[in-house]
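Try each task on your own, then compare your steps with the solution.

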Amino acid sequence: MDTFALIVTIGVALGFTYTNGFHDSANAIATSVSTRALTPKAALAMAAVMNLAGAFLGSGVAKTVSKGLIETPHGRAGMGILFAALVGAIVWNLVTWYFGLPSSSSHALFGGMVGAALAGGITVYWSGVIEKVVIPMFVSPVVGLVVGYLVMLAILWMFRKSNPHKAKRGFRIAQTVSAAAMALGHGLQDAQKTMGIVVMALTIADVHDSDSIPIWVKFACAAMLSLGTYAGGWRIMRTLGRRIIELDPPQGFAAETTAASILYTTSYVFQAPVSTTHVITSAIMGVGATKRVKAVRWGVAKNIVAGWFITMPAAAIVAAVSYWIVALIF
């Protein structure tokens, strides 16, 4: 039964990674598709490959998830806690995907972990949650907004004397690089989050007793994220690519470059699991504000931000209910 529980939990973790991929594929490619720098199929294929590559570039975020947020649970009840946390995250991903709302898969997972841990009676490391999740949740969108605004201003100044049509053509080509960098950062961040959960499951089952991540775990999580990305998330892509602001190639390049830089910095310097959704969405808003403040559809932006704030509590509630159901059954 314990082996079966381990297999089921790992399977659900990989299922979450798949939903993360199609839910967040818009993060990597919405801007390049909306500016016609890449065709949708080419953009999805590129993002899938770069997500796969990014997953192998580090392990700091995975260690934060597996060690820094909740006490490592034990036994059958511990496996139930992980299972419930993943169910909470998957349910919220599907709900927000259905409504085309670019919420954070990462914060759905963290909310699920906290909710399931509280329901299961194990310790939540609130200092770690605040330092590694809540503070970055507030800071990273502000940084994305400000840096995106400044990067776009710099581009406008540097190319102020250029022929607009030639400049846009050049930035359309440059966007293939910035979109790839964004997809690489997405793989670096989001695949590692599931790796951390799988390592916790292996530890609970007493089949793994070190901080290292087995190569098969890296490959499985990377592959599922990549497959999910290739499946595409067209509902959310429309929101990011067109509903916030109509982007042109220079703006798309600026937003993607900003977001990718923040993802690499938080992964390697702070080992903080930030939301790729928050970063790219705020970067798009900052870039769009350089045209004129009213060019950004702030009503849409307000709905998106509201979704950010309810993601963790909503996923936590679903995870807690899921744990109670699992506890009753088993």
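Helices (H or I, at least four residues) and strands (E, at least two) are DSSP runs, numbered from the N terminus. This is a predicted model, in which local features need pLDDT of at least 70 and side-chain atom pairs count only at pLDDT 80 or more, while totals for chains, interfaces and linings use all residues. Residues are numbered from 1 along each chain as its sequence is written, and side-chain values use heavy atoms, with hydrogens and water left out.

**Exercise 1. The whole chain**

Task: Find how many helices and strands the protein chain has, and work out how its radius of gyration agrees with that of a compact globule.

Solution: 
- Begin with the elements: there are 12 helices and zero strands in the protein chain.
- Next, take the radius of gyration over C-alpha atoms; the globule rule is 2.2 Å times the number of residues to the power 0.38.
- For 330 residues a compact globule would come out near 20 Å, and the protein chain agrees because its value is 19 Å.
- Along the principal axes, the C-alpha atoms fill a box of roughly 70 × 35 × 35 Å.
- Finally, call two residues in contact when heavy atoms are within 4.5 Å. Among contacts with a separation of 6 or more, 88% are between residues 24 or more positions apart.

**Exercise 2. A covered helix**

Task: Decide which residues of α3 are buried, and name elements that cover them.

Solution: 
- Locate α3 at residues 60–67, where six of the eight residues are buried.
- Read off the buried ones: Gly60, Val61, Ala62, Thr64, Val65 and Ser66.
- Now look at the cover, which includes α5, α6 (126–158), α7 (164–204) and α10 (249–270).

**Exercise 3. Ser104 and its partners**

Task: Place Ser104 in the chain, and find which side chains make polar contacts with Ser104.

Solution: 
- Ser104 sits in the loop between α4 (75–98) and α5 (105–120).
- Ser104 counts as buried because its relative accessibility is 1%.
- Beyond four places in sequence, Ser104 contacts Ser275, Thr277, His278 and Thr311.
- A polar contact is a pair of N or O atoms within 3.5 Å; within protein, one must be able to donate a hydrogen and the other to accept it, and residues adjacent in sequence count only if both atoms are side-chain atoms.
- The side chain of Ser104 has such a contact with the side chain of His107 at 2.9 Å, and with that of Ser275 at 3.1 Å.

**Exercise 4. Positive phi**

Task: Say where Asp206 and Gln271 lie, and whether each is buried or exposed.

Solution: 
- Start from the background: most residues other than glycine have a negative phi.
- Asp206 has a positive phi of about 60° without being a glycine; Asp206 is in the loop between α7 and α8 (215–231).
- With a relative accessible area of 69%, Asp206 is exposed.
- Gln271, likewise not a glycine, has a positive phi near 50°, and its place is the loop between α10 and α11.
- Gln271 counts as partly exposed, at 39% relative accessibility.

Key. Buried means under 20% relative accessible area, exposed over 50%, partly exposed in between (1.4 Å probe, protein chains only).
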